[in-house]
Amino acid sequence: MNKKYVVANWKALPESWAEAQGILDSISEYFDASPSGNTSLIVCPPFVFIEEAAKLLDTSSLSRNAELGAQDIALSDQPGQTGEISGAMLEKLNVRYVIIGHSERRWKLGESDEVTNQKLKMTLQHNLTPIVCIGERTREGDYHKFITDQVAGTFAGLSADEIGKCLVTYEPVWAISTNPGAKPDTPADALEALTVIRPLVPDSLLLYGGSITQNNAHDFLSMPEFSGVLVGGASVRKEEFVEILRAAE
Ligand code: PGA
């Protein structure tokens with residue numbers, strides 16, 4: 001099997017560094033016991049834990065399989081952005097990836113395709129790898145057109161080479177576990193969505209996200225069309241997350 005990416009999007013969890021360390025320790029124990037090297041883990045903690053997580057990754061066996069990602073990036077490196085974290089800061093903390101265009105930022109915080117596009121450009125400018133989330137809010141109506149328009153706005157002005165550097169994650173909004181009535185997509189339906197996405201980003205690796213658990217991780221990770229999964233809720237349930245990593249081997 002080709003190398004698979006597993007992205008752990010912790011969102012606004014856990015509440016303490018002690019708990020965060022517990023999750024990372026479990027992952028470290030797992031990799032120590034089964035070092036096949038097939039999995040590339042990207043841990044995206046909340047900003048408050050990034051510095052500690054970077055130190056831990058640097059000084060433990062996690063460094064063999066895990067890298068650090070951020071959940072967001074400021075629109076620019078200018079200092080006048082209260083509450084924001086710049087790409088320059090992320091680079092200095094050994095962050096390698098940034099989640100861009102997550103639906104919680106698009107729909108709950110009102111970030112437009114233009115804002116997403118600007119953040120994507122900032123990420124590339126800092127030589128960080130964007131994990132770009134794409135996905136429809138509903139399958140009702142012409143969702144192919146929705147995806148096509150979202151991809152066009154998100155990647156506007158980028159060269160084919162730049163788009164090829166992105167990990168593009170198909171993450172249908174209705175499948176995200178925190179949304180009411182959420183249920184995971186099926187591999188067959190996700191493949192149907194890829195018939196629209198793949199031609200638009202021909203050189204990018206594709207991931208799937210949305211209600212990944214230990215029960216369905218293998219279904220998506222064994223698909224040659226997907227190079228990995230983006231995991232939200234289950235990424236902070238440490239026993240379950242280890243099972244998801246096992247499914248990637
Ligand atoms: P979920 O979240 O795995 O809890 O559905 C995925 C995400 O929002 O990135």
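**Entry 1: a loop serine**

I started at Ser 211, which sits in the loop between strand 7 (205-209) and helix 9 (217-221). Helices here are DSSP runs of H or I with at least four residues, strands are E runs of at least two, and both are numbered from the N terminus. Ser 211 is no glycine, yet I read a positive phi of about 55° for it. Most residues other than glycine have a negative phi, and most peptide bonds are trans. With a relative accessible area of 17%, Ser 211 is buried. My cut-offs: buried is under 20% relative accessible area, exposed is over 50%, and partly exposed is in between (1.4 Å probe, protein chains only).

Housekeeping before I go on. I am working on a predicted model, where local features need pLDDT of at least 70 and side-chain atom pairs count only at pLDDT 80 or more, while totals for chains, interfaces and linings use all residues. Residues are numbered from 1 along each chain as its sequence is written, and side-chain values use heavy atoms, with hydrogens and water left out.

Next I went to the loop between strand 1 (4-9) and helix 1, where I found Pro 14. A cis peptide bond with omega of about -10° joins Leu 13 to Pro 14. Lys 11 lies in the loop between strand 1 and helix 1 too. Lys 11 has a positive phi of about 55° and is not a glycine. Is Lys 11 buried or exposed? It counts as buried, at 17% relative accessibility.

**Entry 2: helix 1**

I followed the chain into helix 1, residues 17-33. Its 17 residues reach 24 Å from first C-alpha to last, close to the 24 Å expected at 1.5 Å a residue; the expected span is 1.5 Å times one less than the number of residues. Buried residues of helix 1 include Trp 17, Ile 23, Leu 24, Ile 27, Tyr 30 and Phe 31. What do the buried residues pack against? I get strand 2 (39-44), helix 2 (50-59) and helix 10 (238-247). Contact means heavy atoms within 4.5 Å.

I looked up Gly 135 in the loop between strand 5 (129-134) and helix 6 (143-154). Gly 135 counts as buried at 4% relative accessibility. Leaving out residues up to four places away in sequence, Gly 135 touches Phe 146, Gln 150, Tyr 170, Glu 171, Pro 172 and Val 173. Its C-alpha is 10.0 Å from that of Gly 210, 75 residues apart along the chain.

Thr 169 belongs to strand 6 (residues 167-170). It is buried, with a relative accessible area of 0%. With the neighbours up to four places away left out, Thr 169 touches, among others, Ile 131, Val 132, Cys 133 and Ile 134, plus Leu 207 and Leu 230.

**Entry 3: the whole chain**

Zooming out, I count 10 helices and eight strands. The C-alpha trace spans about 45 × 45 × 35 Å along its principal axes. Of the 249 residues, 53% count as buried. Among contacts with a separation of 6 or more, 74% come from residues 24 or more positions apart.
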